[in-house]
Amino acid sequence: KDAKNKKFNIILVKSLSRFGRSVGELNTVIPELVQQGIRFIAISEGIDTNNNSWQTDVMMYSLVYNMSSKTTSDWIRLAERARAKRGEFTGSSTPYGYQKIDKKLVLADDHTPDVVQRIFDLYLEGVLGMQAIANVLTNEKIPTPAQTQGRKNANKYWTYSSIEYILTNPAYVGDLIAQKEQAVTLGSTRRKANESEHQVIIRDNHPKIIS
């Protein structure tokens, strides 16, 4: 947007890899900048859109960086898979009611395991739906999962989705399920579900909260 508004003349980066690693992105954005009359320079690779060879250089280096990122991503996924097969929890945040000690899930030493049990009990009674259960917990001022984890700007209200997540999470019967999803494409924030054969599933891996 700033380029289209001519707010600057040159984009100068130390390396092309710091500007972007997606082949499609680099080979689309940089030509768009040039069309807007913006000069692009990447010092490490010697790329300068004032030179005739810049398009070939961008294509070559972007492909190399993309391959490097893909290799790194694959190694990280393999390492996480190996840790999961050892029963280690590899998720970004522990399920509500648990804490992680020595890389494995154990019951949290606070009120949260009791809250989880209560949520299941209330739901199985068949009187209250998920939103109604959320309202009960909110009215009783029971800290939400986000508050318990100390997240910034944590919602103080229990929601339908938070109750649904707990009621459908196999962690509470002691099962570890890892690598349930992965990025749609390299570098994407969108996720897609993995088929069960590509997941790591270990039954009775850690202490259960419900039967």
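Which way, left-handed or right-handed, does α4 pass α5 in their crossing? I opened the notebook with that one, and the crossing came out right-handed. For handedness I used this rule: right-handed if the near helix is turned clockwise from the far one by less than a right angle, left-handed if anticlockwise.

Ground rules first. This is a predicted model, with local features needing pLDDT of at least 70 and side-chain atom pairs counting only at pLDDT 80 or more, while totals for chains, interfaces and linings use all residues. Numbering runs from 1 along each chain as its sequence is written, and side-chain values use heavy atoms, with hydrogens and water left out. Helices (H or I, at least four residues) and strands (E, at least two) are DSSP runs, numbered from the N terminus.

**α4 and α5**

I looked up the geometry of α4 (residues 112-125) and α5 (residues 130-139): their axes come within 10 Å and cross at roughly 140°. Axes here are lines fitted to C-alpha atoms, for helices over the stretch in contact, and angles run from 0 to 180 degrees between N-to-C directions. α4 and α5 are therefore oblique to each other.

I then listed who makes the contact (heavy atoms within 4.5 Å). From α4 I have Val115, Arg118, Ile119, Leu122 and Tyr123, and from α5 Met130, Ile133, Val136 and Leu137. By class that is eight nonpolar, no polar and one charged. Nonpolar takes in Ala, Val, Leu, Ile, Met, Phe, Trp, Tyr, Cys and Pro; charged is Asp, Glu, Lys and Arg; the others, Gly among them, are polar.

**α4 and α7**

I moved on to α7 (residues 160-167). α4 and α7 pack at about 95° with axes 10 Å apart, so they are roughly perpendicular to each other. Val116, Ile119, Phe120 and Tyr123 of α4 meet Ile163, Ile166 and Leu167 of α7.

**Buried faces**

Which residues of α7 are buried? I noted Ser162, Ile163, Ile166 and Leu167. The cut-offs are under 20% relative accessible area for buried, over 50% for exposed, and partly exposed in between (1.4 Å probe, protein chains only). Down the axis of α7 the buried set falls within an arc of 135°, so it lines one face of the helix. The arc is that of the directions from the helix axis to the C-beta atoms. These α7 residues pack against α4 and α5.

For α5 the buried list is Met130, Ile133, Ala134, Leu137 and Thr138. Their arc is 140°, so they too line one face of their helix. Their cover includes α4 and α7.

I checked Val127, in the loop between α4 and α5; it counts as exposed because its relative accessibility is 67%. Lys141 sits in the loop between α5 and α6 (145-148) and counts as exposed at 71%. Lys141 is not a glycine, yet its phi is positive, about 60°. C-alpha to C-alpha, I get 21 Å between Val127 and Lys141, which are 14 residues apart along the chain.

Lys6 has a positive phi too, about 55°, and is not a glycine either. I found Lys6 in the segment before β1 (10-13), exposed at 51%.

How values were computed:
Parallel < 35°, antiparallel > 145°, perpendicular 65-115°, else oblique.
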